[in-house]
Amino acid sequence: MDSVFLCRILFIMSACYIPDITAQIRYSVPEEMKKGSLIGNIAHDLGLDVQRLRSGRARIVSGDNTQYAELKTDKGTLVVNERIDREQLCPETTPCSFTFEIILDNPMELHHVTVEILDVNDHSPTFPKDEIKLEISESATPGARFLLGGADDPDVGVNSLQNYILSPNDNFILKQHSRPDGVKYAEMVLQKPLDREQHPRLSLILTAVDGGNPHRSGNMKIEVTVLDANDNAPVFNQSVYRAAIEENASKGTYITIVNASDADSGSYGLIAYSFANIKGNINDIFKIDEKTGVITLTGMLDYERTKKYEIGIEAKDQGGLGNSAKVIVELIDVNDNVPVISVMSFSSPVNEDSPVGTTIAILSVKDLDAGDNGQVSCTVNRNMPFKLQSSLRNYYTLVTGAALDRERVAEYNITITATDSGSPALSSLKTLNLKVSDVNDNPPRFQKSVYTTYVAENNQPGLSIFTFSAQDDDWNQNARISYLLDDTTVGGAPVSSFISVNADSGVVQALRAFDYEQMKSVHFCVKAQDGGSLPLSTNVTLDIIIQDQNDNAPQVLYPVQTGGSVVAEIVPRSADVGYLVTKVVAVDVDSGQNAWLSYKLQKATDRALFEVGLQNGEIRTVRQVTDKDAVKQKLTVVVEDNGQPSRSAVVTINVAVADSFPEVLSEFTDSGHNKEYDNNLTFYLVLALAAVSFLFITCVVVIISVKIYRWRQSRFYQSNLPVIPYYPSHYADTGVTGTLPHGYNYEVCMTTDSRKSDCKFATLGGRSVLVVDPSFTETMQRAMKDKNLLEDRESPEMQKPPNPDWRFPPNQRPGPSGAGVRPDEAGAGAGVIAGTGPWPNPPTEAEQLQALMAAANASEATATLGPRYNLQYGQDYRQNVYIPGSTATLTPNPQQQVPQQALPPPQALPPAEAPKAAQTPASKKKPTKKDKK
């Protein structure tokens, strides 16, 4: 089988003008190869990669029923798929070949492959008969010819019949002849006269030999019987007979008649006709009458297989002499084969956005008829966006002729009609079912661009308000619509805080209750988006109109209702009928009929005196006011809206029937004091109680902390030094020594309501409060109650009279400077903070000034209204001074000879008047002469 590589021929032809045909390739292989034998490396010869064969789904498309070749896509080779017999595949055709196409997709390629079948010497020459008998007269002259016929060898070329060999003898020699069609036959020529008496019978062997390697041969036995003399051989009236017959002729159809004559008489003049040099299945198709020479049809003719027959005719007489002639039967093609449409490649489904000219299918059309009967034209049914293009003879490409739209037509049944040019014409149909795959080319579609819906206010959260419904003409995932809420704001708040949109169903739900008074409508956008790989979307607007409900009661603007004072409208007693007393002004924040207000007089002290306008709220007198009418009239007016159910508000109006203001004031004064505060008073009281409790707890904690701190300080220092009491400038001297100024505290408490205002003035020893009456009917409600304060003389807060020694300078006071006077003897009261040991010598004036100035710096911002302090009246302390809250101790300098004067001499300063003690219950007594002085 190595000859396959020696015989392979490769032809590659470019086909630039045909995009679907890339190349044509031709292989030559011997017949009778085993299954799986290599034909050729198609991938290498076409310049293709093996991966390309796989990705392109390379396949073989053949119009024959038997597929002789197989494509190995993993190796890129062509191998034998079925046993190939050249004599069976094409017995009468030389050279013999079969063709097929290799189709690749993505992109589509078509490669035409022709495989030529090389003949192998697998047949021996055979004769029609194994033995023939000849009767030859002994009077036959040398040179007489006797036809032996020919052998048949299905092989072709050098493997076909090449030579005849006749067994050696003395009387005959062998001559070979060839017909125009290449068929070889043999005849014996008498070389030496026969002698019946010596050799009445002769046995010869005729051998047919082909040219194969090794040679093959076939034998036929010739029996010659020597007869008496017969000197004339039959003669045909023409050497070649021609006849024509249609291929669809029925059996028994007359074809032609042959005629031969013999000059002999008697039995030597009787001629018998027969087929000579029979090749193939001639006896199965034709029949000749031995006596008349009429040739008739006995088999089936097929123009597509054999276009003509050449038949050898032999005429013999009874004496064994014969002659030959040839009959040529030509077949007439009849349009008996319908065109065959073979789908070589078909792409389904196809995207709807495929451009015009996209290849849908490649078709091959074959018609075995010849001439016009084999001329085929293909058409596609009309009114479809497809057309056929002819790329090669009998090859058609089905392409798109217009844009496809799956939404209009999702599936096409394409009918292709192949019609030949015969008479009558034959045609065949091929239907292709093409599906159009969807492409996301249609956005969701709403019936409207703006929708409007209504919802009543005070709705329940979660209420379904509206349902969006969009249509998408696409299919499957491309038609799956999601609804997305556009992120906008409504009234400064994101719209997503008011409503939500279900992404799948498109249901719009309220997330909170709407209030018509705050929001009249909600305007937002929703985007409908499909699920395509490149999603398309459409925006739609929804206006939610909020409908008003009667959820607000009327509000009275006038007269203003307050709980702290009484407002009265004055009607003079001289008022006539229809006198306008006042007008009730009310509003309702609702809208529509829910805001239509009506006024009714619900209660009145004298219903016959006043009336209220139903629409305008004007209160007018119904009759003339008389002296018998009460001064104080109380009216209760109901303001009611027109909602369902209706809501109302009540307003109370005090009307004073009087001619003067004092009369009105005396009538309403007492009642004004008894008015209670509104409901907010309870809240304020609770808040005040909580604040007081908190301050009390805080003070307790602070006092305990201070006590602990002082206790630790006392233990740390363990000092027995006296402590000079430190009084801030705004504290009163509770010891009543007259050395420190008195403090005056002023408290002013004002409220936002002018009807409730307090002014409070307080001193250390006494308290005076100026109270403004809420109704402004009394300027000073309470004065200082001195009598009660004077009666309580034993109060611990009572201030003692000042020590008369405060007026003397230190050098004029009794006792020498530095004397160890006890604190209680010096007039110190209970309020003086004493040390833990004996009182030391007092410090000098400079030392005392230094200690007092340190304390004065801490309270510099808190000035008092009492008399200023003069250093010339301070006591003279000469010993150590302990300052509370400080780790410093003032010690007198022992080297100090001359006392330092901190301030100018006493005579440089004007004498300060002694401060008067605050008026307390303990100090309210007649002043003495010394005090006056």
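Serine 500 stands opposite glutamine 509, a residue of strand β38. In this predicted model, β37 and β38 (residues 507–510) run antiparallel and are joined by three bridges. Both strands belong to an open sheet of three strands, ordered β33-β38-β37, in which the pairing is antiparallel. Its edge strands, β33 (464–467) and β37 (499–501), each pair on one side only. From one strand to the next, the twist averages 20 degrees.

The loop between β33 and β34 contains asparagine 476. The phi angle of asparagine 476 is near 60 degrees, a positive value in a residue other than glycine.

## The β32-β40-β39-β34 sheet

A second open sheet has four strands in the order β32-β40-β39-β34, and its pairing is mixed. The edge positions are taken by β32 (450–456) and β34 (482–485), each of which pairs on one side only. The twist here averages 30 degrees from one strand to the next.

Within this sheet, strand β39 (residues 521–529) pairs with strand β40 (residues 537–547) in the antiparallel sense, over nine bridges. Cysteine 525 has threonine 541 of β40 as its bridge partner. As a general point, strands of a sheet pair through backbone hydrogen bonds, in either a parallel or an antiparallel arrangement.

## Pairing around strand β48

Strand β48 (residues 632–640) takes part in two antiparallel pairings. One is with strand β45 (residues 598–604), over six bridges. In that region, serine 598 has glutamate 640 of β48 as its bridge partner.

The other pairing joins β48 to strand β49 (residues 648–657), in the antiparallel sense and over nine bridges. Threonine 636 stands opposite threonine 652 of β49. In a regular strand, side chains alternate between the two faces of the sheet.

Which residues form a nonpolar patch on the surface? The patch consists of Phe696, Ile697, Val700, Val701, Ile704, Ile708 and Trp711, and together these residues have about 710 Å² of accessible area.

Phenylalanine 696 is placed in helix α7, which covers residues 680–717. Is phenylalanine 696 buried or exposed? Its relative accessible area is 58%, so phenylalanine 696 counts as exposed, the cut-off for that class being over 50%.

## Threonine 77, a buried strand residue

Threonine 77 is found in strand β5, which comprises residues 77–80. The relative accessible area of threonine 77 is 13%, and therefore the residue is classed as buried, given that buried means under 20%.

Which residues does threonine 77 touch, leaving aside those up to four places away in sequence? They are Leu38, Gly40, Asn41, Ile42, Glu70, Leu71 and Lys72.

## Backbone features in loops

Most residues other than glycine have a negative phi, and most peptide bonds are trans. Arginine 57 is found in the loop between α3 (50–55) and β3 (59–61).

Where cis peptide bonds are concerned, one joins serine 423 and proline 424, with omega about 0 degrees. Proline 424 lies in the loop between β30 (411–420) and β31 (427–437). Another cis peptide bond joins tyrosine 558 and proline 559, again with omega about 0 degrees. Proline 559 is found in the loop between β41 (555–558) and β42 (568–571).

## The chain as a whole

The protein chain contains ten helices and 54 strands. Of its 933 residues, 39% count as buried.

How much of the contact set links residues 24 or more positions apart? Among contacts in the protein chain with a separation of 6 or more, such residues account for 67%.

Conventions:
Residues numbered from 1 in each chain as written. Predicted model: local features only at pLDDT ≥ 70, side-chain atom pairs only at ≥ 80, totals over all residues. Heavy atoms only, no water. Pairing = 2+ DSSP bridges. Axes fitted to C-alpha atoms, helices over the stretch in contact; angles between N-to-C directions. Patch = residues over 30% accessible without salt bridge, like charges linked within 9 Å, V, L, I, M, F, W, Y side chains within 5 Å. Areas by Shrake-Rupley, 256 points an atom, 1.4 Å probe, with all protein chains shown as cover. Salt bridge = Lys/Arg side-chain N within 4 Å of Asp/Glu carboxyl O. Buried < 20%, exposed > 50% of the residue type's maximum accessible area, 1.4 Å probe, protein only. Contact = heavy atoms within 4.5 Å.
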